[in-house]
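Please keep the sequence and the structure in view while reading.

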Amino acid sequence: MKVSQITLREHDDMSATLADWQPEAPDLLLAFSAIPLLQGLAEPLAARFPHALLLGCSTAGEISKDGVSDHSCVLTALHFEAREGSAPSRAIEASTQLLGMADSQAAGRRLAEQLPRAGLRAVLLLGQGVAVNGSALIAGMVEVLGPDLPITGGLAGDAAAFSETWVLNSAGVRNDQLVCVGLYGEALLFSHGSFGGWSPFGPARRVTRCEGNVLFELDGEPALAVYKRYLGDYAKDLPASGLLFPFAMLGSDHSEVGLIRTILGIDEAVGSLTLAGDIDPEGYLKLMHANTDALVDGAEAAAQAAAQAAAVAQAGGQGLALLVSCVGRKLVMGERVEEEIEAVADVFGQSAVLTGFYSNGEISPFTGNLECKLHNQTMTITYLGERP
């Protein structure tokens with residue numbers, strides 16, 4: 001596989017810059033971008049690379065081989081080299097409109113039904129990141145594709161505004177879109193890793209009323225009132241400040257299930273919290289916080305898992321490391337956010353080009369597992385390469 005990357009800035013002449021970029025015949029173009037750049041990108045990209053599939057979204061920060069940037073667009077071109085034989089490397093795109101949060105699971109089914117099942121090795125998935133139930137979306141795809149097919153990706157960001165996000169596919173840029181690519185071919189190497197780094201604090205609170213991803217009550221009290229009490233002065237900045245204090249999901253026996261849930265929105269009138277994914281109605285929730293050192297260690301652990309699982313030394317040419325990290329991690333780390341990207345880069349060395357974004361939700365199986373989950377506040381890493 002051959003990988004080429006370029007970063008566009010707001011002041012660039014987009015058409016001229018794209019004309020100067022000469023990647024080898026891209027099969028797939030990944031675009032992670034600030035909203036203004038992404039909205040103007042679809043037409044010049046399609047004109048410059050008419051035969052490439054387009055997959056991208058708006059972000060809360062862009063990740064490239066040079067680190068983390070804002071107000072930019074990172075374009076990464078992938079050219080598959082295994083083109084001969086009975087199962088050449090290839091990608092197939094699928095897209096669907098999301099009709100609202102209640103449509104999330106059905107939309108996942110619609111996406112999955114567009115992908116030919118024969119020879120499908122893995123799926124990269126991007127979705128709008130505000131009016132969506134990410135775990136229901138994944139559940140819909142798993143209904144069609146089965147639990148043993150790896151699905152990775154993330155939910156689009158909008159710089160922590162939680163207002164409007166955008167997704168790019170080969171038809172253009174829309175704010176109500178879900179898109180994925182199915183990856184095919186015997187030569188493909190595909191692996192993943194994920195790790196958090198957050199620590200729980202305070203008592204576990206029993207979920208006493210919820211519907212899907214909307215939390216109404218904890219221990220019989222309005223969930224928003226309980227949450228505000230914990231946040232103190234941070235409560236005035238909700239929902240954005242909720243990124244700093246996500247929930248750990250616990251089972252009905254208080255056991256850890258390894259999933260974190262971020263707040264996407266609040267409803268003052270009914271006292272509810274809207275989370276990024278489904279809540280266990282029989283479970284418990286516990287607040288979490290983090291420090292930068294723990295988050296950097298988590299990013300390194302995710303990279304080590306992805307690199308080891310891929311056996312990157314087997315790859316021919318250069319591979320791709322797709323990093324999807326939560327906007328909450330970026331807010332906690334502040335000016336030290338580059339450290340988690342540097343930790344990942346140190347693990348992969350010259351064996352992979354880094355790309356990715358800061359998201360409103362991360363999509364990946366647990367490390368060492370195939371069952372896909374929606375994560376929050378997590379660094380997820382997907383490695384994609386080809387055997388020689």
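## Pockets

On a 1 Å grid over the protein atoms alone, a pocket is an open set of points with protein on both sides within 12 Å along at least five of seven lines, whereas a cavity is a set of points where a 1.4 Å probe fits but cannot get out; lining residues have an atom within 4 Å of a point. Grid points are joined across faces, edges and corners, and a volume is the space filled by probe spheres set on the points. The structure is a predicted model, in which local features need pLDDT of at least 70 and side-chain atom pairs count only at pLDDT 80 or more, while totals for chains, interfaces and linings use all residues. Residues are numbered from 1 along each chain as its sequence is written, and side-chain values use heavy atoms, with hydrogens and water left out.

The largest pocket holds about 430 Å³ of space. Its lining has 22 residues, of which Glu 256, Gly 258, Leu 259, Ile 260 and Met 288 are the closest to the centre. Two or more lining residues come from each of strand 13 (188-195), strand 18 (247-250), strand 19 (256-261) and strand 22 (284-289); helices (H or I, at least four residues) and strands (E, at least two) are DSSP runs, numbered from the N terminus. With five residues, strand 19 gives the most to this lining. By class, the lining of the largest pocket has 12 nonpolar, eight polar and two charged residues. Here Ala, Val, Leu, Ile, Met, Phe, Trp, Tyr, Cys and Pro count as nonpolar, Asp, Glu, Lys and Arg as charged, and the others, Gly among them, as polar.

The second largest pocket has a volume of about 180 Å³. Among the residues that line this pocket are Ser 135, Leu 259, Asp 278 and Lys 373. Helix 5, strand 19 and strand 26 (372-375) each supply at least two lining residues, and the largest share, four residues, comes from helix 5. The lining of the second largest pocket divides into six nonpolar, one polar and four charged residues.

## Cavities

Two cavities of 30 Å³ or more are found in a search of the whole structure. The largest cavity contains about 60 Å³ of space. Its lining includes Phe 201, Arg 205, Tyr 230 and Lys 286, and at least two lining residues come from each of helix 6 and strand 22. Nine nonpolar, one polar and two charged residues make up this lining.

The second largest cavity has about 40 Å³ of space. Leu 30, Phe 32, Thr 152 and Leu 322 are among the residues that line this cavity. Strand 2 (28-33), strand 8 (120-127) and strand 9 (151-155) are the elements that give two or more residues to the lining, and strand 8 gives the most, with three. The lining of the second largest cavity has seven nonpolar, two polar and no charged residues.

## Nonpolar cores

In soluble globular proteins, nonpolar side chains tend to be buried together. A nonpolar core is a set of buried Ala, Val, Leu, Ile, Met, Phe, Trp, Tyr and Cys residues joined through side-chain atoms within 4.5 Å. Buried means under 20% relative accessible area, exposed over 50%, and partly exposed in between (1.4 Å probe, protein chains only).

The largest core has 60 residues, and Val 123, Met 141, Leu 323, Val 344, Phe 348 and Ile 381 touch the most other members. Helix 7 (residues 292-310) supplies the largest share of this core, seven residues. Apart from this core lies another, of 27 residues, including Leu 30, Cys 57, Val 324 and Phe 357.

## Salt bridges

A salt bridge is a side-chain nitrogen of Lys or Arg within 4 Å of a carboxyl oxygen of Asp or Glu. By this rule there are 13 salt bridges. Arg 109 pairs with Glu 143, with the closest N and O atoms 3.3 Å apart. This pair links distant parts of the chain, helix 4 (residues 104-113) and helix 5 (residues 134-145), at a separation of 34 residues. Arg 109 counts as partly exposed because its relative accessibility is 29%, and Glu 143 is also partly exposed, at 47%.

In another salt bridge, the closest N and O atoms of Glu 340 and Arg 329 are 2.9 Å apart. Glu 340 lies in helix 9 (residues 338-348) and Arg 329 in helix 8 (residues 327-333). Glu 340 counts as buried because its relative accessibility is 0%, and Arg 329 is buried with a relative accessible area of 0%. Asp 293, Arg 336 and Glu 339 are joined in a network of salt bridges.
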